[in-house]
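Work through the exercises below with the sequence and the model open, and try each task before reading its solution.

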Amino acid sequence: MVNYQSLIGLPWEYGVNDCFSLVRSYYQLAGIVLPDFKRPEDLDNSPSIFLEQAGGLGFYETCMDDARAGDVLIMRLGTPYPMHAAIYVGDQRILHQRRDSLSCVAALTRYYYKSIAAVYRYAANR
């Protein structure tokens with residue numbers, strides 16, 4: 001299990017401290033280096049970075065019914081395409097970085113659960 005406490009309370013800054021940065025930092029704590037990608041300027045009309053790159057990064061799609069700590073949840077939060085990434089940390093909680101807020105651990109409420117478009121697991125975590 002990754003000790004992610006150092007990732008809580010980070011101020012949001014697009015391309016620096018955002019949801020994908022948080023995923024990268026979480027996996028770096030686990031000894032896995034994920035490359036960074038240029039963020040789209042228009043979130044309403046851009047495909048998901050993670051959905052496009054997941055396979056090449058060593059992730060495979062699984063389902064929420066089988067979710068484990070460390071899985072990446074790709075969500076549609078206020079955008080037409082699934083642009084938000086969160087880390088499932090177990091016990092129906094997620095670690096994530098929302099726009100204009102501090103990174104946090106939040107309950108996987110019905111709102112978040114219904115927003116899940118895909119669940120990915122790092123291949124080495126099979």
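Helices (H or I, at least four residues) and strands (E, at least two) are DSSP runs, numbered from the N terminus. The model is predicted, so local features need pLDDT of at least 70 and side-chain atom pairs count only at pLDDT 80 or more, while totals for chains, interfaces and linings use all residues. Residues are numbered from 1 along each chain as its sequence is written, and side-chain values use heavy atoms, with hydrogens and water left out.

**Exercise 1.** Find which helices and strands each supply at least two residues of the lining of the largest pocket.

*Solution.* Begin with the elements, which are α1 (19–29), α2 (49–53) and β3 (84–90). Next, sort the lining by class, which gives 13 nonpolar, 5 polar and 4 charged residues (Ala, Val, Leu, Ile, Met, Phe, Trp, Tyr, Cys and Pro count as nonpolar, Asp, Glu, Lys and Arg as charged, and the others, Gly among them, as polar).

**Exercise 2.** Determine whether Ser 46 is buried or exposed, and which residues Ser 46 touches.

*Solution.* First locate Ser 46 in the loop between α1 and α2. Its relative accessibility is 10%, so Ser 46 counts as buried (buried means under 20% relative accessible area, exposed over 50%, partly exposed in between, with a 1.4 Å probe and protein chains only). Then list its contacts (heavy atoms within 4.5 Å): leaving aside residues up to four places away in sequence, Ser 46 touches Pro 40, Tyr 81 and Met 83. Finally, a polar atom of the Ser 46 side chain lies 2.5 Å from the backbone oxygen of Asp 42.

Methods
Polar contact = N/O pair within 3.5 Å; in protein donor to acceptor, adjacent residues only side chain to side chain.
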